[in-house]
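Please look over this model with me. The points below can be checked one by one against the structure.

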Amino acid sequence: MTFDCVIHGGQIATTEGVSTGDIGIKDGKIAALADKIEGGEHRIDAGGRIVMPGGIETHAHIAQESSSGVMTADDYLSGSISAAFGGNSSFIPFAAQQRGENVDDVLATYDARGSRSVIDYSYHLIISDPREEVLTDQLPRAFARGITSFKVFMTYDLMNIGDGGMLDILTVARKHGAITMVHAENNDMVKWMNRQLADRGLTAPRYHAISRPELAEQEAINRAVQLAKLADAALFVVHVSTEGGAEIIRREQFNGAKLFAETCPQYLSLTRNDLDRPGMEGAKYICSPPLRDTQTQEALWHHIRMGTFVGVHSDHAPYRADATGKFLNGSDVPYPKIANGMPGIGLRLPWLFSEGVVGGRITLEQFVALSSTNTAKVFGCTTKGRIAPGMDADIAIWDPEARYTVTLEDQHDNMDYTPLDGRELRGRPETVLTRGEVIVDKGELKATEGQGRFFGRAPVDLRARPGAPVKEFDPAQNFGTDLRG
Ligand SMILES: [Zn+2]
């Protein structure tokens, strides 16, 4: 066989281990793995480098309007380029339904936006309006084209769908093999805290962290999990930021719940003290759930090591620190009027490699699992996330020795700040391929606009999550009724 490309002599890292070898690529797929492969139209020398599956970023807000109408600074071109420089070969941003919108129209809008991407892409569908025709008609149609993950919010007045709406969506998702992602914070607890703070005139950015207590996340995670158990549906808790929340997830996973979760680099690298910077500088660090403290960071690392989280994803929510983003409502406004979110798609993996692998907190095998392989399984990316014959040649080649300081100039997103400015990191992706095409090489972009393709996804893989029995749904205990039928 003649290969289009051969990656030669690298340390190939998978979730199972690390070994030296060559990878032969043909027609965008991994065609062969061997100790030595001769030939190839194009040869990449990976000596001294680590070769691993390209990252799959599954928490990113790209070309997405928030419910209050603020557009993210990154579209599918700048967002995907930034992701590629950060070692990702594909991503799954959100397509967001606002209230009153038809899901078919939402997806048509995002298809037009996504067509600029340089890496392969899919969407999670945010649902804020689960009315009858959405549930019976539009969601099944989205599912049929491979959009097998939905996202719901338990907070924000314009997004929160209530417990009943969530049960309805979980039920539809279960029927079609989809997984429901949830932003879990108790809306009324947050609103009540906002009033306590406003009554005392405490509206500087730093009070954002106080306004969204750890208890609000823990209560909502627990509630979301119980709702999912009642519906016997798969649940993915996004951006877990508290030790208590992680403990609930750990316990319920042990009980068998069809439950998965992630955390994000910002909860491991920044604290609420970052919101307490002079003037409005703290606004850059406003995100929800908010940044916590160093004790929480240690606890979250422990849960990463122990497998509570299947991934560490960026929650890239790029709002510039100007009137187009953070300060759309004015430059000196109370914290509830400042856009929530921070950028991170380009630094997610370099930061995790440096602090996790080089820092001795996780193994290289765990890094591969957390950056692509686990995520591919949960979100049904059947041709991505592994280095094996037949898989897409989505590959990242890392220089594990590179040392550098994070600067804004080195970022490829469309932002005017980076929260990790000045951090010293070690290890970075050098060459990145999507379906066998080199898209980034030694700091240079090789991709062309629009070369990424939409990919449909398979149902969630629940083989390792049997489900937690609910007595009232057991025919032996409910007078013989089949309530799931
Ligand atoms: Zn998010």
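1. **Ground rules.** This is a predicted model: local features need pLDDT of at least 70, side-chain atom pairs count only at pLDDT 80 or more, and totals for chains, interfaces and linings use all residues. Residues are numbered from 1 along each chain as its sequence is written.

2. **Two domains.** The protein chain splits into domain 1 (5–53 + 384–404 + 417–445) and domain 2 (55–375). These bounds come from an automatic or database domain assignment. The C-alpha centres of domain 1 and domain 2 lie 28 Å apart.

3. **Where the domains touch.** Domain 1 puts 31 residues into the contact, and domain 2 puts in 34 residues. Two residues are in contact if their C-beta atoms, placed from the backbone, lie within 7 Å. On the side of domain 1 that touches domain 2, strand 5 (50–53), strand 16 (395–405), strand 17 and strand 18 each give two or more residues. Strand 17 has the largest share of that side, with eight residues. Helices (H or I, at least four residues) and strands (E, at least two) are DSSP runs, numbered from the N terminus.

4. **What that side is made of.** The side of domain 1 that touches domain 2 has 17 nonpolar, seven polar and seven charged residues. Here Ala, Val, Leu, Ile, Met, Phe, Trp, Tyr, Cys and Pro count as nonpolar, Asp, Glu, Lys and Arg as charged, and the others, Gly among them, as polar.

5. **The record.** An unreviewed UniProt entry carries the annotation "domain: Amidohydrolase-related" over residues 50–438. UniProt positions are given in the numbering used here, feature names are shortened, and annotations may be inferred rather than shown by experiment. Over residues 50–438, the chain is 37% helix and 16% strand. The end C-alpha atoms of this stretch are 16 Å apart.

6. What is the strand order in the open sheet of seven strands? The order is 8-10-11-12-13-14-15, and the pairing is parallel. Two strands pair if DSSP finds at least two bridges between them. Strand 8 (94–96) and strand 15 (311–312) are the edge strands, each pairing on one side only. Strand 14 (residues 259–263) is joined to strand 15 by two bridges in the parallel sense. Glu262 has Gly311 in strand 15 as its bridge partner.

7. Another open sheet has three strands in the order 6-7-9, with parallel pairing. Strand 6 (55–57) and strand 9 (120–121) each have a single partner strand, so one side of each is left without a neighbour in the sheet. Strand 7 (residues 88–91) runs parallel to strand 9, and two bridges join them. Ser90 stands opposite Asp120 in strand 9.

8. **Two hairpins.** Strand 1 (residues 5–13) and strand 2 (residues 18–26) run antiparallel, joined by seven bridges. They form a hairpin with four residues between them, and Gly17 in the turn has a positive phi of about 160°. Strand 2 also pairs with strand 3 (residues 29–34), antiparallel, over five bridges. That hairpin has two residues between its strands, and Asp27 in the turn has a positive phi of about 50°.

9. **The core.** The largest nonpolar core has 139 residues. A nonpolar core is a set of buried Ala, Val, Leu, Ile, Met, Phe, Trp, Tyr and Cys residues joined through C-beta atoms within 7 Å. Helix 7 (residues 214–231) gives the most to this core, eight residues. Both domain 1 and domain 2 supply at least three residues. Val237 is among the residues with the most contacts inside the core. Leaving out residues up to four places away in sequence, Val237 touches Val182, Ala184, Ile221, Ala224, Ile249 and Ala261.

10. Most residues other than glycine have a negative phi, and most peptide bonds are trans. Arg435, not a glycine, has a positive phi of about 45°. Arg435 is in the loop between strand 17 (424–434) and strand 18 (437–441). Phe479 also has a positive phi, about 65°, and sits in the segment after strand 19 (444–445). A cis peptide bond joins Ser288 and Pro289, with omega about -5°.

11. **Buried or exposed?** Is Arg435 buried or exposed? Arg435 counts as buried because it has 24 C-beta neighbours inside 10 Å. Phe479 has 6 such neighbours inside 10 Å, so Phe479 counts as exposed. A residue is buried if 20 or more other C-beta atoms lie within 10 Å of its own, exposed if 12 or fewer, and partly exposed in between, with C-beta atoms placed from the backbone.
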